[in-house]
Amino acid sequence: MAIRNIRLEKDEILRKKSRVVEKYDERIKELIEDMFETMKVNDGAGLAAVQVGILKRIIVVEIPDHKFALINPKIIETEGEQECEEGCLSLPNQFYKTKRPMKVKVEGLDEDFNPVTIEAEGLLAVVLSHEIDHLDGILFIDRLER
């Protein structure tokens with residue numbers, strides 16, 4: 001496993017749309033392991049592959065009671081709204097109040113490339129929304145009310 005460099009706000013790659021992962025192989029497995037390690041040493045709750053410079057639709061999440069990777073995740077349903085204080089490893093020391101769905105339903109593939117559906121609420125819904133936004137080139141500061 002390796003710690004990867006996190007791309008910061010001004011890096012143009014963060015504004016690009018990530019590509020669908022077509023097949024699971026050792027490189028994807030290694031990337032996921034590296035992402036977990038990188039997220040952990042930086043005290044993150046989630047990390048998208050684009051944040052380490054890889055334009056693939058992969059995220060990792062680790063919060064209390066939840067630790068998983070998702071490949072090609074897509075939000076298929078949302079419900080309600082919550083206000084939360086959000087930060088991002090690509091925007092160090094910046095925290096702002098944002099609005100996110102209270103509940104989300106996400107489809108994707110697990111680390112073994114099997115289909116999964118995750119129904120999340122509260123903090124997990126925020127983390128999933130935030131990380132999936134990264135895959136579409138959206139930063140949480142784009143969601144701030146002007």
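**Entry 1: Aspartate 142**

I looked up aspartate 142 and found that it touches Arg15 and Gly137, not counting residues up to four places away in sequence; contact here means heavy atoms within 4.5 Å. The model is predicted, so that local features need pLDDT of at least 70 and side-chain atom pairs count only at pLDDT 80 or more, while totals for chains, interfaces and linings use all residues. Residues are numbered from 1 along each chain as its sequence is written, and side-chain values use heavy atoms, with hydrogens and water left out.

I placed aspartate 142 in the segment after α2. Helices (H or I, at least four residues) and strands (E, at least two) are DSSP runs, numbered from the N terminus. Aspartate 142 counts as partly exposed because its relative accessibility is 34%. Buried means under 20% relative accessible area, exposed means over 50%, and partly exposed lies in between (1.4 Å probe, protein chains only).

I then noted a polar contact between the side chains of aspartate 142 and arginine 15, at 2.4 Å. A polar contact is a pair of N or O atoms within 3.5 Å; within protein, one must be able to donate a hydrogen and the other to accept it, and residues adjacent in sequence count only if both atoms are side-chain atoms. From C-alpha to C-alpha, aspartate 142 is 19 Å from isoleucine 59, and the two are 83 residues apart in sequence.

**Entry 2: Helix α2**

I turned to α2, which covers residues 123-135. The helix has 13 residues and reaches 19 Å from its first C-alpha to its last, close to the 18 Å expected at 1.5 Å a residue. The expected span is 1.5 Å times one less than the number of residues.

Is α2 enclosed by the rest of the structure, and to what extent is it buried or exposed? I found it largely enclosed, because 12 of its 13 residues are buried. Among these buried residues are Leu124, Val127, His130 and Leu135. Just after α2, glycine 137 takes a positive phi of about 75°.

I located serine 90 in the loop between β4 (82-88) and β5 (91-100). Those two strands run antiparallel and are joined by 6 bridges; strands pair if DSSP finds at least two bridges between them. They form a hairpin with 2 residues between them. I noted that cysteine 88 has leucine 91 in β5 as its bridge partner.

Serine 90 counts as buried because its relative accessibility is 0%. I listed its contacts, leaving aside neighbours within four places in sequence: Ile6, Arg7, Leu8, Glu9, Leu14 and Gln51. Its side chain reaches the backbone oxygen of arginine 7 at 2.7 Å. Valine 52 is 38 residues from serine 90 in sequence, and their C-alpha atoms are 9.4 Å apart in space.

**Entry 3: Glutamine 82**

I next looked up glutamine 82, which is found in strand β4. At 12% relative accessibility, this residue counts as buried. Which backbone oxygen does the side chain of glutamine 82 reach? I found that of proline 101, at 2.9 Å. Beyond its neighbours within four places in sequence, glutamine 82 is in contact with residues including Thr98, Arg100, Gly122, Ala125 and Val126.

**Entry 4: The largest pocket**

I recorded a volume of about 360 Å³ for the largest pocket. On a 1 Å grid over the protein atoms alone, a pocket is an open set of points with protein on both sides within 12 Å along at least five of seven lines, and lining residues have an atom within 4 Å of a point. Grid points are joined across faces, edges and corners, and the volume is the space filled by probe spheres set on the points.

The lining consists of 20 residues, of which Gly44, Ala45, Gly87, Cys88 and Leu89 lie nearest the centre of the pocket. The elements that give two or more residues to this lining are β4, β5 and α2.

**Entry 5: Helix α1 and aspartate 34**

I finished with α1, which covers residues 26-41. This helix has 16 residues and reaches 23 Å from its first C-alpha to its last, close to the 22 Å expected. At its start, a side-chain oxygen of aspartate 25 reaches to within 3.1 Å of the backbone nitrogen of arginine 27. Aspartate 43 follows α1 and has a positive phi, near 55°.

The buried residues of α1 are Ile28, Leu31, Ile32, Asp34, Met35, Phe36, Thr38 and Met39. They pack against β1 (46-48), β2 (58-63) and β3 (66-79). An α-helix has 3.6 residues a turn, so residues three or four places apart point the same way.

Aspartate 34 counts as buried because its relative accessibility is 2%. A polar atom of its side chain lies 2.8 Å from the backbone nitrogen of alanine 2. I also noted that aspartate 34 touches Met1, Ala2 and Arg4, not counting residues up to four places away in sequence.

Conventions: On a 1 Å grid over the protein atoms alone, a cavity is a set of points where a 1.4 Å probe fits but cannot get out, and a pocket is an open set with protein on both sides within 12 Å along at least five of seven lines; lining residues have an atom within 4 Å of a point.
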